[in-house]
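Me: Hi! I have a protein structure open and I'd like to walk through it with you. Could you help me get started?

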Amino acid sequence: MKNLNSKRVISIVLIFSVIAFFSSYIIYQIVASGNAKMETEFALKETVYEAIDTQCFVVRDEKFINNDAKGTTVSFVTNGERVAAGDTVSVVFDSIEDASSFLQIQELKKEIEHYEYVSGQANVQTLNIDSLTKKINSELTDYLKSVDGGDYKKAIDRSELFRDSVIGKQIATGTQLDFDEKLKSLKKDLDDLQSENYSYTEIKAEEAGYFINGSDGYENLIKYSDVDNLTNADVEKALKAKPSEISSSTVGRTVSSFNWYIVCLVDTDKTVDLSKDKAIFVNFPSAGIEKLPVSIHKIGNRDADKTLLILSCDEMNESLSEFRIEDVQIITEEYSGFKISNSSIRTVDGEKGVYIVRGNLMGFRKIHVLYSTDTFSIVDNPENSSDYIRLYDNVVTEGVDLYDNKLV
């Protein structure tokens, strides 16, 4: 009997010990959660887009420039550059040596022009050092952006501008630079090369337009005059087509019409907010081109899963001139506002908003949601009201027991 009572006492003590342990643990968790570390982020301005990702076929009003001259071709014109009827676009030399000498002549002329320009700066006494410094910094930034973007032709041009500005600053600050000997040497080399006889054939543009060198074999796949009569099947065929054989006599093309077209098929349900002549933007990610302005030339019949979409553009440059079958992002909507995490959004008294920390006090700020994803939202302050979120507000993204005027 005594052993039985002892066992009962031990059991009761163990039960109470277990209860006390779990009670202490629960109390600890409550206290710990009440003092959980609060996380915040600043409300910063950002612009996001709703876009349709698809593949497109580019249609231009292209006419071939043909010439049967044999030899080494040197282009006079950059792709996408405007030319007039009769302008020389290329020169065909009988030999590689002649072509090389010709290119050396052009480079020497450019170098002489450069050194004559910077030499002339020595006579300018009113150069503003502060303005020159700002110009140098700006040109260096432009050069680095071109390198990062992979546009090396533009990088070369900008590096030369940067070089000239640096030399200008050296002259303005009293550095003595003498370019006479360099100019004499360059001019002698130029005279020697120009004294030689070169055999070549000039190739001229037959009509005005944008020049594009060579051919990609897709020029005749969709005729420019047939754009308004295209069907879904025509576009599907073009996107899957292989390039045709390129004639050996094709030197390049001229694009006569200012407008060119981006032809594609998109999910029909994504065309609801699109209408003819609406101005929108497109991105070409592979070329690093963002927000190229276009207008909607035509929307096909919305009676299938895919709808024909034709966009018109009147801009042209070297990168755009090379497009044919490309991945494209069609921007249908643009939202600018404060980007905040969805975890920060709370509803208080029927109003959506966020808690912010200012000094050592917490406050509630309303929000107007413009756009949302699974992780973040773009919100704004529609009337610049003090009750709404503002730029650089320190928004609470994680935390418990949040309320207005809480001391933190």
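Reply: Happy to! Let's begin with a term: a residue is called buried when its relative accessible area is under 20%, exposed when over 50%, and partly exposed in between. With that cut-off, Phe-102 is buried, because its relative accessible area is 15%. Please keep in mind that this is a predicted model.

Me: Good to know. What does Phe-102 pair with?

Reply: Phe-102 forms an aromatic pair with Phe-76, and the pair is stacked, at 5.5 Å centre to centre with 15 degrees between the planes. Phe-76 is in the loop between strand E4 (72–75) and strand E5 (82–83), while Phe-102 is in helix H2 (residues 96–120), so the pair ties together parts 26 residues apart in sequence.

Me: And Phe-76, is that buried or partly exposed?

Reply: Phe-76 is partly exposed, with a relative accessible area of 41%.

Me: Where do Phe-284 and Phe-323 sit?

Reply: Phe-284 is in strand E11 and Phe-323 is in the loop between helix H7 (318–321) and E14, so to speak two distant parts of the chain, 39 residues apart, linked by the pair. Phe-284 is buried at 0% relative accessibility, and Phe-323 is buried too, at 4%.

Me: New topic: the core. Which residues touch the most other members of the largest nonpolar core?

Reply: Those are Val-282, Phe-284, Leu-309, Leu-311 and Ile-330, in a core of 27 residues. Several strands each supply at least two residues of this core, including E2 (44–59), E10 (260–267), E11 (279–284), E13 (306–313) and E14 (325–341). The strand that gives the most is E12, with 5 residues.

Me: Why would residues like that gather together?

Reply: In soluble globular proteins, nonpolar side chains tend to be buried together.

Me: How many disulfides does the structure hold?

Reply: It holds 0 disulfides.

Me: Let's switch to charges. Which rings have a charged residue over them?

Reply: Here are two to find. The charged end of Lys-45 sits over the ring of Phe-338, 5.0 Å from its centre. Arg-82 lies over the face of Tyr-210, at 5.2 Å from the ring centre.

Me: What about Arg-324, buried or exposed?

Reply: Arg-324 is buried, with a relative accessible area of 5%. You'll find Arg-324 in the loop between H7 and E14.

Me: What does its side chain make a polar contact with?

Reply: The side chain of Arg-324 makes a polar contact with the side chain of Asp-216, at 2.8 Å. Leaving aside neighbours within four places in sequence, the contacts of Arg-324 also include Cys-56, Tyr-218, Glu-219 and Arg-253.

Me: Last one: where is Thr-250, and what is around it?

Reply: Thr-250 lies in strand E9 (residues 250–255) and is buried, with a relative accessible area of 15%. The side chain of Thr-250 makes a polar contact with the side chain of Asn-66, at 3.2 Å. Apart from neighbours within four places in sequence, Thr-250 is in contact with Phe-64, Ile-65, Asn-66, Gly-214 and Ser-215.

Definitions and conventions: Residues are numbered from 1 along each chain as its sequence is written. This is a predicted model: local features need pLDDT of at least 70, side-chain atom pairs count only at pLDDT 80 or more; totals for chains, interfaces and linings use all residues. Side-chain values use heavy atoms; hydrogens and water are left out. A nonpolar core is a set of buried Ala, Val, Leu, Ile, Met, Phe, Trp, Tyr and Cys residues joined through side-chain atoms within 4.5 Å. Buried means under 20% relative accessible area, exposed over 50%, partly exposed in between (1.4 Å probe, protein chains only). Helices (H or I, at least four residues) and strands (E, at least two) are DSSP runs, numbered from the N terminus. A disulfide is a pair of cysteine sulfur atoms within 2.5 Å. Rings of Phe, Tyr and Trp (its six-membered ring) pair if their centres lie within 6.5 Å; planes under 30 degrees apart count as stacked, over 60 as edge-to-face and the rest as tilted. A charge sits over a ring if NZ of Lys or CZ of Arg is within 6 Å of the ring centre and within 35 degrees of the ring normal. A polar contact is a pair of N or O atoms within 3.5 Å; within protein, one must be able to donate a hydrogen and the other to accept it, and residues adjacent in sequence count only if both atoms are side-chain atoms. Contact means heavy atoms within 4.5 Å.
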